[in-house]
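Visitor: Please show me the structure, and let us then go through its contacts by question and answer.

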Number of protein chains: 2
Amino acid sequence: MRRVTVLSGGMGGARFTAGLLHGIAQGLLPGVAPDAEVTVVANTADDLWVHGLKVCPDLDTLMYTLGDGIDPERGWGRREETWSVREELATYGVEPTWFGLGDRDIATHLVRTQMLEAGYRLSQVTEALCRRWQPGVRLLPMTDDRVETHVAIADTQAPSGRRVVHFQEYWVRLRAEVPAEQVLVVGLEQATPAPGVLEALTDTDLVVLPPSNPVVSVGTILGVPGLRDTLRASPAPVVGLSPIVGGTHVRGMARQMLTAVGVEVSAAGVGLHYGARASGGLLDGWLVDERDADAVARCETAGLRTLAVPLMMTDDAATAAMAAAAAGLVAER
Amino acid sequence: MRRVTVLSGGMGGARFTAGLLHGIAQGLLPGVAPDAEVTVVANTADDLWVHGLKVCPDLDTLMYTLGDGIDPERGWGRREETWSVREELATYGVEPTWFGLGDRDIATHLVRTQMLEAGYRLSQVTEALCRRWQPGVRLLPMTDDRVETHVAIADTQAPSGRRVVHFQEYWVRLRAEVPAEQVLVVGLEQATPAPGVLEALTDTDLVVLPPSNPVVSVGTILGVPGLRDTLRASPAPVVGLSPIVGGTHVRGMARQMLTAVGVEVSAAGVGLHYGARASGGLLDGWLVDERDADAVARCETAGLRTLAVPLMMTDDAATAAMAAAAAGLVAER
């Protein structure tokens, strides 16, 4: 296998891809050449306009993580960041105050925003930004169109009894501490895949769904019209890694999102949500954590080849081992 | 006198206005009440769009200087500034690299740009920004329209033998080290005065032309259609202070600009360029520095009441004394 495609959200997907690249370079992935090319199709439904700037959290987390610019403690934003702009905006009393942009990060958004306003598409802008970051992958936004995930939450003060907030407000301001009643992905049905995205699903030797959020990361990518059908028709094997470990998410808010869409919060639940290709789903293989070994029988019964291995991305070596297990599971197909 | 209007550029005008406010509050200005209100009409022809942000150097220098946010060493930009965005933009290789925006300063431009894009006029934006800065004056842009000073310089490689650059490029990148062949103020003839500007010239008790650049600061303000005529018809006395001291500018590039427009680079030259009101000009009084005492006789001969006093703005007290001399000169009118 010389070509690998990853459908990724932000932090989890970025860390997985870093480990995947590590594993490929070390020749650890069964059947995958050490110089295999990796394409990452990134979720853009978390994107937002803030202070007049176009911010793409998942693209940036991927770019910074793979380009060695990420703040490793936070897992998002830039290393050696400063926060002068945020301080000043707060002094001006400008909303939103809950979405803090670092100064170095703002430079990325300034370049992106100016390019978009000059007429370049997000995929072209991403390519331009990656010329600096050299992430070692081809990084594609899932679409060049504006798509935004919103979340409906209970609000006793609203006449309807609920309120709809941008995903970032749900996650960053509300810290996902209130139940999500519904997930609304605005613009998704009208979106078209960005250039290269469908080809990355078809003209590839392996597709990986990393342990990203199955609803608001991988789910929105798969929701871009044409994408799911193309993936199902792809000759390449598709393997996924469970973001649910020990019955909940490792980091993030997959639990809340799965609950909102009525999917069982378990490794088996997510695997069966993606579904076995044999029965009309997407997956040729599914990796669950050792703590969720009970999922293996349930998934296998549904025709989904499933393996339980350690799924904690503690470092690149551990993550590379996960990627190797994933590739191994479907290489035998 | 309870109302004073100043037509100001950036650094020189801002320092003068700070001293003027100091003098007024101390009761040092003959005939001017200690609670007199000051309106500053600011030049906006230096404004530029850079990295997608609307930057108004003169408005900002006035706002920061009078609002105690200025970097006193540089004389422009914010105190305790950080430069992370500039570093990053340079790493991205984004032009222009010669116009460095500080991080704190960028917050101002983000607020301004977003308000402009939401449909607010520059005068409204300026009022909003001043709510934070409380500059102690009413700060008005000369116009809400886009006006930009460009400078023609010799360029032996250009087919025409010359090249036109934005004023900021001439000043910041080229450091005004090459002769200016022509000054072109794009959009000036189509501009209309911002709300309140004409009233500030008419419904006032004193108009001061501070030692700002007579061509690209005061000159562009006076060039806004209707402004010069309104000032000439104003019942308020108009007094100016020479920006040329000892035969050249104190700081800035008044020498180069005056040369470009064919005005003698001397205290008398600038005074006669503004002209005595009695002979169709603007001024009722003109202050020159003691070193330029020879200008007194020349200006007086042309009907312009002129006085030689120390004109170095070394501190607020010295500047207040200049303002007091200016007010005194025309209070007797």
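Guide: A salt bridge is a side-chain nitrogen of Lys or Arg within 4 Å of a carboxyl oxygen of Asp or Glu. This is a predicted model, in which local features need pLDDT of at least 70 and side-chain atom pairs count only at pLDDT 80 or more, while totals for chains, interfaces and linings use all residues. Residues are numbered from 1 along each chain as its sequence is written, chains are lettered from A and ligands numbered from 1 in the order in which they are written, and side-chain values use heavy atoms, with hydrogens and water left out.

Visitor: How many salt bridges are there between domain 2 of chain A and domain 3 of chain A?

Guide: By an automatic or database domain assignment, domain 2 of chain A spans 48-141 and domain 3 spans 148-186. Their centres, taken over C-alpha atoms, are 24 Å apart. The contact (heavy atoms within 4.5 Å) takes four residues from domain 2 and six residues from domain 3. The count of salt bridges between these two domains is zero.

Visitor: Which residues of domain 2 of chain A lose the most area to domain 3 of chain A?

Guide: Buried area is the accessible area (1.4 Å probe) that two parts lose on being put together, summed over both. Between these domains it is about 470 Å², and carbon and sulfur atoms give 77% of it. Together accounting for 86% of what the domain 2 side buries, the residues that lose the most are L48(A), W98(A) and F99(A).

Visitor: Which residues lie closest to the centre of the largest cavity?

Guide: On a 1 Å grid over the protein atoms alone, a cavity is a set of points where a 1.4 Å probe fits but cannot get out; lining residues have an atom within 4 Å of a point. Grid points are joined across faces, edges and corners, and a volume is the space filled by probe spheres set on the points. The search of the whole structure finds one cavity of 30 Å³ or more, and the largest cavity holds about 90 Å³ of space. Of its 14 lining residues, the closest to the centre are G52(A), L53(A), G52(B), L53(B) and T113(B).

How values were computed
1 Å grid on protein atoms, 1.4 Å probe; cavity = no way out; pocket = protein on both sides within 12 Å on 5 of 7 lines; lining within 4 Å.
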